[in-house]
Amino acid sequence: VKSINLHQYPYIMGEMLVEEKYTLTFRGFIRKYTDFDMRYKVTSNCIESNVCSIDDVISVEGKLNSKPGYAKVTGAGKMLDGKIHYDWEKEDETYKDVDLVLEDVNSSKLFTLLGQTAIFEGKANAHLLFEHIGEKSKKGTITYDIKDRHLIGLPLDLHTQIDIIDDDHIFSIDVTSPELTLNLSKGRYDQAEKSAHAFYTLDVKELSDLETLLGHNFTGPFYALGEVKYDKDLRVNGLSKSFGGLIDFLYEKNTLKVDLSDLSVKTLMTRSSYPPLLDANVTGEITYDLDNEGLSTKATLKNARLLPSEFADTLSKKSGVDLLQERFSESSLDITLKDDILTGDIKIVNKTDHLFLTDTTLDLRKESINTFMDLHTQEYKVKGKVYVRLSDYGRDTQYALQDTYLHMSVFTELFTEAIRTMFSSCKNENLLPISFRNNLNN
């Protein structure tokens, strides 16, 4: 107690230093220890609690009326870089008609004060309106609004409403910005079980605007809907048709699994900012491990065909086969992707022909392909190791290559038929040239 004036008792005035941080001044009438009417003012240059210490200018004043078993508190002022006003009553151990309003407060300071990670930056408004708050029961509503410009590098507005009855919390969340909208609806949180679930919709106008958040440059719009669950671990599942076919995805335990159904490979590669080497409708599964940043894919391809590219042009030129004219109805992928290097097998097949690219390494940074190719058509049979660079990357570096190379053996039905005809026209093997006979023997 710094000072107290009892000269006009029961009217008193005083000043106290609370917890060495808060200066409390008061004046009013006191009749008994629990029966008084006071005006008060609290000032400080920081907020100190059991979870944090925040530099902040506090100046709040109001009224406190108390009688045995009952108290009423009102107040208003400045804190958390914004404004606060409140009004509540207390009967025995139960708070009633609680009305707390925060206007334009610092959201980072507010989250820190509540012992939570400050994920938002910006000015926030909050309103707590409770019918009652007791040890065994509570009923009320919390609304929270914020404008943030730093969470994902985009300006966004967030609105949350929580309706609370005891341990049952019904909530909704709306996030809007010029680039996206995210809505969580029919949310339910069980405070006793510490579990939650909600339905969501996500609508992104242009994925390239989220490159900082996603860590990769995807393009085009994206829309998805699904469900979010939390019970010790976070689980998110959803559906999307934004890439032309159906995407069914599931995130849990830091792993993302994606089921693809009739999805265009060309669209997927193009919108993922990778060169589209082939087009097909793909059905299969993609698994992405966020801890190891590794991706694996097993899928089947329908109506696959190579697209015009330096890769296709090189193979066609070196092998003498116009691969762009070939169509493959039954095909498969078994590949992994890590550190922008794709490895695995690609098998493109129809009833009579096939193109196998096995032990394939596709370096997406250097834009190069190293693979073993097995091509079989009605006219051609080609096997061999293939290396193709898709750009001039590294021309003056250790990765520079003098030329694209293609080592293979080529057998065409035309050549085979010519040999067969030559043998059939020879009555005696001795009529063949000596050099040819020697090669045949070898």
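A salt bridge here means a side-chain nitrogen of Lys or Arg within 4 Å of a carboxyl oxygen of Asp or Glu. This is a predicted model, so to speak for local features a residue needs pLDDT of at least 70, side-chain atom pairs count only at pLDDT 80 or more, and totals for chains, interfaces and linings use all residues. Residues are numbered from 1 along each chain as its sequence is written, and side-chain values use heavy atoms, with hydrogens and water left out.

**View 1. K72 and E89 form a salt bridge.** The closest N and O atoms of this pair are 3.7 Å apart. The two residues come from distant parts of the chain, K72 in strand β6 and E89 in strand β7, 17 residues apart. (Strands are DSSP runs of E with at least two residues, helices are runs of H or I with at least four, and both are numbered from the N terminus.) Is each partner buried or exposed, or something in between? Buried means under 20% relative accessible area, exposed means over 50%, and partly exposed is in between, using a 1.4 Å probe and protein chains only. K72 counts as partly exposed because its relative accessibility is 25%. E89, at 18%, is buried.

**View 2. R31, D35 and D37 are linked in a network of salt bridges.** R31 pairs with D35, with the closest N and O atoms 3.1 Å apart. R31 also pairs with D37, and here the closest N and O atoms are 3.0 Å apart. D35 counts as buried because its relative accessibility is 17%. R31, at 43%, is partly exposed, and so is D37, at 30%. Looking at the whole model, the salt bridge count comes to 12.

**View 3. V1, I4, L6 and Y9 make a nonpolar patch on the surface.** Together they have about 460 Å² of accessible area, worked out by the Shrake-Rupley method with a 1.4 Å probe, where only the protein chains shown count as cover for residues. To join a patch, a residue needs over 30% relative accessible area and no salt bridge; nonpolar side chains (Val, Leu, Ile, Met, Phe, Trp, Tyr) are joined within 5 Å, and like charges within 9 Å. Find Y9 in the loop between β1 (3-8) and β2 (11-18). Y9 counts as exposed because its relative accessibility is 52%.

View 4. Two strands pair if DSSP finds at least two bridges between them. Look for I170 opposite R188 in β13. Next, β13 runs antiparallel to β14 (residues 195-204), with nine bridges joining them. D190 has S195 in β14 as its bridge partner.

View 5. Elements giving two or more residues to the lining are β6 (70-79), β7 (82-91), β8 (94-106) and β9 (122-133). Which strand gives the most to the lining? That would be β7, with four residues. The pocket holds about 460 Å³ of space. On a 1 Å grid over the protein atoms alone, a pocket is an open set of points where a 1.4 Å probe fits, with protein on both sides within 12 Å along at least five of seven lines; lining residues have an atom within 4 Å of a point.

How values were computed. Grid points are joined across faces, edges and corners, and a volume is the space filled by probe spheres set on the points.
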